[in-house]
Amino acid sequence: MTKQLLLGQTLGFDGDALADWQGATRHDSAGGVVIDAGLIVATGSGAALRAAHPDAAVTDYGDALISAGFVDAHMHYPQTPIIASWGKQLIDWLNTYTFPQEMRLADTDYARQVADTTLDLALAHGTTTLTSFCTIHPGSVDAWFEGAAARGMAVVGGKTCMDRNAPDGLRDTVQSAYDDSKALLDRWHGKGRATYAITPRFSPTSTPDQLAALGALWAERPEVLMQTHLSEQLPEIAWVRDLFPQSRDYLDTYEAFGLLGPKGLYGHAIHLEPREIDRLAEIDAAVVHCPTSNTFIGSGLFDMAGLAARGLRIGLATDTGGGSNFSMLRTMAAAYEIGQLRGTPLHPAQLMWLATEGSARSLHMGGQIGHLGVGSAADITVLDLSSTPAIAQRAAQATDIWEALFPTIMMGDDRAVRDVWVGGVRARV
Ligand SMILES: [Zn+2]
């Protein structure tokens with residue numbers, strides 16, 4: 001693999017941009033990144049890197065912005081074909097659109113097709129890592145990891161487990177959820193760039209016995225992640241209360257069965273009780289913000305400022321297909337809008353940090369992906385900051401990088417993605 005030198009504006013982070021974006025940000029208007037054997041081996045001034053690495057093949061992106069590739073910390077690849085389906089809130093959404101669609105992935109060839117489409121759409125949008133729920137079918141997990149391996153992508157995935165409140169054909173059992181998850185975990189976790197996540201969909205679709213079995217599996221294999229949903233909509237929370245009358249709150253339905261831990265990823269986490277926030281903070285678990293989904297499904301306004309102040313790990317995610325867009329740019333825009341509605345808007349640096357470093361940290365992969373720094377995987381996205389006439393005319397007025405970048409965050413889409421590198425190899429986008 002030839003050593004590569006990418007030249008352009010560079011934007012990277014060291015530290016926590018939610019706490020101190022100015023201190024955490026590294027921007028170089030004439031920067032460069034050297035990649036070798038799949039890793040970033042140097043960053044800095046473009047001219048200095050060119051002099052230090054005369055043997056590197058040079059790709060000059062001009063004034064385009066070189067960033068770490070985007071990291072999507074929560075999505076559902078099986079739902080790609082039903083993205084942008086009209087008019088339902090969570091429970092009706094699942095019954096009307098999601099479950100019939102997920103049933104189709106019993107056919108592994110179809111699952112492969114959907115996985116391939118999703119991974120290609122992600123790359124076209126500059127997303128180099130995805131964290132997906134698969135379906136109850138083990139073949140859907142194989143399809144996901146095989147598709148990612150073919151593209152060299154670091155992805156997270158797991159077999160979704162459901163043994164109640166789901167239709168015939170979309171339920172497993174206590175035993176099969178444990179056995180299948182364990183077999184898939186053994187087959188995939190740590191193979192190439194694959195990371196396994198034990199995946200109960202959410203408390204309403206698992207019996208206490210199934211939650212306990214998955215908690216036992218996680219205790220046996222604490223190195224893997226665990227992903228699920230938490231406190232997305234008020235009717236869902238009321239339903240959880242009915243189903244688990246002995247539980248103190250929604251989080252307790254996981255905690256009581258061994259499904260609360262530092263490697264836990266709790267998607268949505270909108271309507272949290274004070275005890276739940278305390279416990280998530282104590283445990284150092286991650287919550288994942290899915291802003292386009294929260295507005296599209298009508299769920300509520302995530303408290304980014306409040307949870308960040310508690311030091312929680314926070315990832316950013318599309319939640320495709322409850323989320324309404326494949327783009328992490330659009331996802332950042334929605335996070336900004338939700339911040340505005342709460343009176344706590346995020347700075348463009350914080351939005352970019354969330355879409356790269358923040359999500360990587362939520363996955364316990366900080367410094368390995370989502371990071372434009374030495375030693376990180378060379379998963380890189382290059383953004384054209386003038387990709388449409390509307391964006392270009394606004395960016396032309398910019399007096400600094402943030403004014404130049406923000407129009408692309410708010411109005412950009414896959415046309416803004418000039419190039420993508422995955423593991424040091426240029427991906428076709
Ligand atoms: Zn979800």
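Where is the place of Thr195? The place of Thr195 is in strand 9.

## About the model

This is a predicted model, in which local features need pLDDT of at least 70, side-chain atom pairs count only at pLDDT 80 or more, and totals for chains, interfaces and linings use all residues. Residues are numbered from 1 along each chain as its sequence is written, and side-chain values use heavy atoms, with hydrogens and water left out.

Helices (H or I, at least four residues) and strands (E, at least two) are DSSP runs, numbered from the N terminus.

Thr195 is buried, at a relative accessible area of 13%. Buried means under 20% relative accessible area, exposed means over 50%, and partly exposed lies in between (1.4 Å probe, protein chains only).

Which residues does Thr195 touch, leaving aside those up to four places away in sequence? They are Phe145, Val155, Val156, Gly157, His189, Leu225 and Met365. Contact here means heavy atoms within 4.5 Å.

Lys191 sits in the loop between helix 6 (174-188) and strand 9 (194-200). Lys191 is partly exposed, with 49% relative accessibility. Lys191 and Asp55 are 136 residues apart in sequence. In space, their C-alpha atoms are 32 Å apart.

## The zinc site

Which residues are the protein donors of the zinc ion? They are His74 (NE2), His76 (NE2), His229 (NE2) and Asp319 (OD). These donors lie 2.1 to 2.4 Å from the zinc ion. Donors are N, O and S atoms within 2.8 Å of the metal (3.2 Å for Na, K and Ca); water is not among the atoms, so sites may look incomplete.

The sequence spacing of the donor residues is H-x1-H-x152-H-x89-D. The pair His229 and Asp319 links distant parts of the chain, 90 residues apart. His229 is in strand 10 (residues 225-230). Asp319 is in the loop between strand 13 (313-316) and helix 13 (328-341). His229 is buried at 6% relative accessibility. Asp319 is buried too, with a relative accessible area of 4%.

Why is the arrangement irregular? The four donor atoms around the zinc ion subtend angles of 90 to 167°, which makes it so. Four donors count as tetrahedral if all angles lie between 85 and 135 degrees; four count as square planar and six as octahedral if opposite donors are over 155 degrees apart and all others between 65 and 115; anything else is irregular.

## Backbone exceptions

Most residues other than glycine have a negative phi, and most peptide bonds are trans. The peptide bond from Thr320 to Gly321 is cis, with omega near 0°.

Ala269 is not a glycine, yet has a positive phi of about 50°. Ala269 lies in the loop between strand 11 (264-268) and helix 10 (274-283). Ala269 is buried, with a relative accessible area of 1%. His364 also has a positive phi, near 60°. His364 is found in the loop between helix 14 and strand 14 (380-383). His364 is partly exposed, with a relative accessible area of 26%.

## Helix 13 and its surroundings

Two packed helices are described by the angle between their axes and the distance between the axes. The axes of helix 13 and helix 16 (residues 401-411) come within 6 Å and cross at roughly 95°. That makes helix 13 roughly perpendicular to helix 16. Axes are lines fitted to C-alpha atoms, for helices over the stretch in contact, and angles run from 0 to 180 degrees between N-to-C directions. Angles under 35 degrees count as roughly parallel, over 145 as roughly antiparallel, 65 to 115 as roughly perpendicular and the rest as oblique. From helix 13, Leu329, Arg330, Met332, Ala333, Tyr336 and Glu337 meet Phe406, Thr408, Ile409 and Met410 of helix 16.

Arg342 is in the loop between helix 13 and helix 14 (348-362). Arg342 is partly exposed, at 39% relative accessibility. Arg342 touches Leu301, Phe302 and Asp303, not counting residues up to four places away in sequence. Arg342 and Met304 are 38 residues apart in sequence and 9.1 Å apart in space, C-alpha to C-alpha.

## Cysteines

The structure holds zero disulfides. Cys134 is in no disulfide, and the nearest cysteine sulfur, that of Cys161, is 11 Å away. That distance is too far for a bond. A disulfide is a pair of cysteine sulfur atoms within 2.5 Å. Cys134 is buried, with a relative accessible area of 1%. Cys161 is buried, with a relative accessible area of 0%.
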